[in-house]
Amino acid sequence: MTKKFIDTNLGNVIRFEIIRNLKKPTFWIAALILPVLLVGYIAFAGFVGYNANLTAEGGTDTEKLNLGLYDAADYLTTNVIPQPDNTTQEVKLFDSKEQGIDAVKNDEISVFYYIPANFDEILTAEIYAKSASFNIFANYETPLRTLLMLSAATRIDPTDLAVVTNVITIDTTNFTVDNTEVDLVAEISRMIIPGLALVLFYILIVSFGNRLTTAMVEEKENRISEMILTSLKPRDLITGKIISLIILGFIQLAILIIPIVVLTIFGFSNNIIPSDFVIDFNFWTVLSTLILLLASFFLFTALCVTIGVLVPTAKDASQFAGIVIILTILPLFFINSFMSANSADSMTYFLSYFPPSAPIALMFRNVFGTLPINEYFIGLIIIFISSYFVIKFSVYVYSRTAIEFTSRVNLKKLFSSPRKNWKK
């Protein structure tokens with residue numbers, strides 16, 4: 001069965017287009033540049049963050065420094081700072097501000113803290129420090145803030161302290177419209193797969209939209225359409241182009257996903273990602289999301305190929321590609337409408353069933369759990385039917401205009417009686 005399909009004209013077109021594109025250096029450049037940039041950005045951000053953290057930690061490591069203090073306001077109740085390793089650090093007390101500053105200048109202490117007598121009015125303390133070299137990240141506030149908080153805690157009721165420092169715990173229980181309790185952890189886990197599909201689809205349309213529209217223009221600009229149509233039916237050529245472009249798109253997508261998977265595994269193994277972070281691999285969720293993603297990309301590819309069929313040059317195709325992309329991402333401007341099943345309005349339903357915007361609209365509703373199973377199938381049927389008619393229209397237009405290199409499609413000729421000497 002497989003061999004018979006490959007030997008057909010449709011199979012030959014798919015095989016030829018895939019092999020031809022895989023041999024192009026530009027295909028691999030376009031495929032590799034995004035994951036390389038992604039990995040490079042993550043590595044650079046991690047490197048910068050790691051070094052900044054080391055620098056900051058180095059600048060604020062006061063455990064090994066000699067600290068001094070003069071409390072003119074007599075606000076503090078202790079001069080002992082507890083450390084994470086269950087040890088303590090004692091701050092040396094001075095009798096005046098001048099004495100403490102002189103101690104810093106004479107290298108007797110490294111940092112001197114001064115709390116003015118009117119501290120309760122101005123709420124400002126002063127720090128004097130001396131180090132071998134100036135460090136822009138140097139921050140010696142932590143010991144003083146610790147002493148102030150310890151002292152303040154002795155004057156505040158424990159309950160009030162918990163409220164003020166925001167350490168209280170608040171448990172929230174949510175109910176659905178049928179009074180079923182919502183498990184937030186399970187709901188977030190369920191959203192990951194649909195959300196990932198939404199992100200991947202967005203990457204596909206942004207990265208490959210322009211190339212998809214120019215795919216059919218190449219034959220017309222190279223003036224080889226005459227030879228193609230002598231041996232192929234327009235239907236086989238259009239369908240083969242669309243299927244091959246979808247396969248190529250997912251090949252490039254797989255190249256992008258591989259480093260993401262590797263980084264995710266690395267994150268779990270090194271405790272960068274919390275161990276309690278779970279992904280719901282429910283069979284229906286994965287299957288329905290995958291079908292929706294494939295159908296959506298098929299429709300988007302068909303629309304882009306149709307644009308390529310209608311216009312005579314790649315330049316024109318690039319301009320019209322923007323229109324298709326805007327219509328596709330239209331739901332992004334109404335994202336709030338998809339978050340709640342109770343807030344569904346006419347705009348939500350219009351975007352869900354308007355063919356160009358249906359893919360992202362349905363994906364949004366799938367992410368937020370506001371897409372009933374019956375509406376999922378209705379939207380999917382609309383996408384498949386729309387794809388069928390878009391392809392039929394593309395075949396018809398291509399069979400009428402493939403060897404005409406005018407600046408625009410002549411509607412009168414387009415809808416007149418078809419030529420009899422071309423295969424249908």
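Predicted model: local features only at pLDDT ≥ 70, side-chain atom pairs only at ≥ 80, totals over all residues.
Visitor: How many helices and strands does the protein chain have?
Guide: Helices (H or I, at least four residues) and strands (E, at least two) are DSSP runs, numbered from the N terminus. On that basis the secondary structure of the protein chain comes to 17 helices and eight strands.

Visitor: What is the relative direction of H12 and H15?
Guide: Axes are lines fitted to C-alpha atoms, for helices over the stretch in contact, and angles run from 0 to 180 degrees between N-to-C directions. Helix H12 (residues 283-310) and helix H15 (residues 358-367) pack at an angle of about 160°, with their axes 10 Å apart. Angles under 35 degrees count as roughly parallel, over 145 as roughly antiparallel, 65 to 115 as roughly perpendicular and the rest as oblique. That angle therefore makes H12, relative to H15, roughly antiparallel.

Visitor: Which classes of residue form the contact of H12 with H15?
Guide: Contact means heavy atoms within 4.5 Å, and here Thr 289, Leu 292, Leu 293, Ser 296 and Leu 299 in H12 meet Pro 359, Leu 362, Met 363 and Asn 366 in H15. Ala, Val, Leu, Ile, Met, Phe, Trp, Tyr, Cys and Pro count as nonpolar, Asp, Glu, Lys and Arg as charged, and the others, Gly among them, as polar. The residues of this contact between H12 and H15 are six nonpolar, three polar and no charged.

Visitor: How many residues of H15 are buried?
Guide: Buried means under 20% relative accessible area, exposed over 50%, and partly exposed in between (1.4 Å probe, protein chains only). The buried residues of H15 include Ile 360, Phe 364 and Arg 365. H15 is largely enclosed by the rest of the structure, because the buried residues number 10 of the 10.

Visitor: What is the relative direction of H12 and H13?
Guide: Phe 300, Leu 303, Cys 304 and Ile 307 in H12 meet Ala 317, Phe 320, Val 324, Ile 325 and Thr 328 in H13, a contact with eight nonpolar, one polar and no charged residues. H12 and helix H13 (residues 314-328) pack with their axes 9 Å apart, at an angle of about 150°. The two helices, H12 and H13, are therefore roughly antiparallel.

Visitor: Is Thr 146 buried or exposed?
Guide: Thr 146 is found in helix H6 (residues 141-153), and Thr 146 touches Ile 81 and Pro 82, not counting residues up to four places away in sequence. With a relative accessible area of 19%, Thr 146 is buried.

Methods
Residues numbered from 1 in each chain as written. Heavy atoms only, no water.
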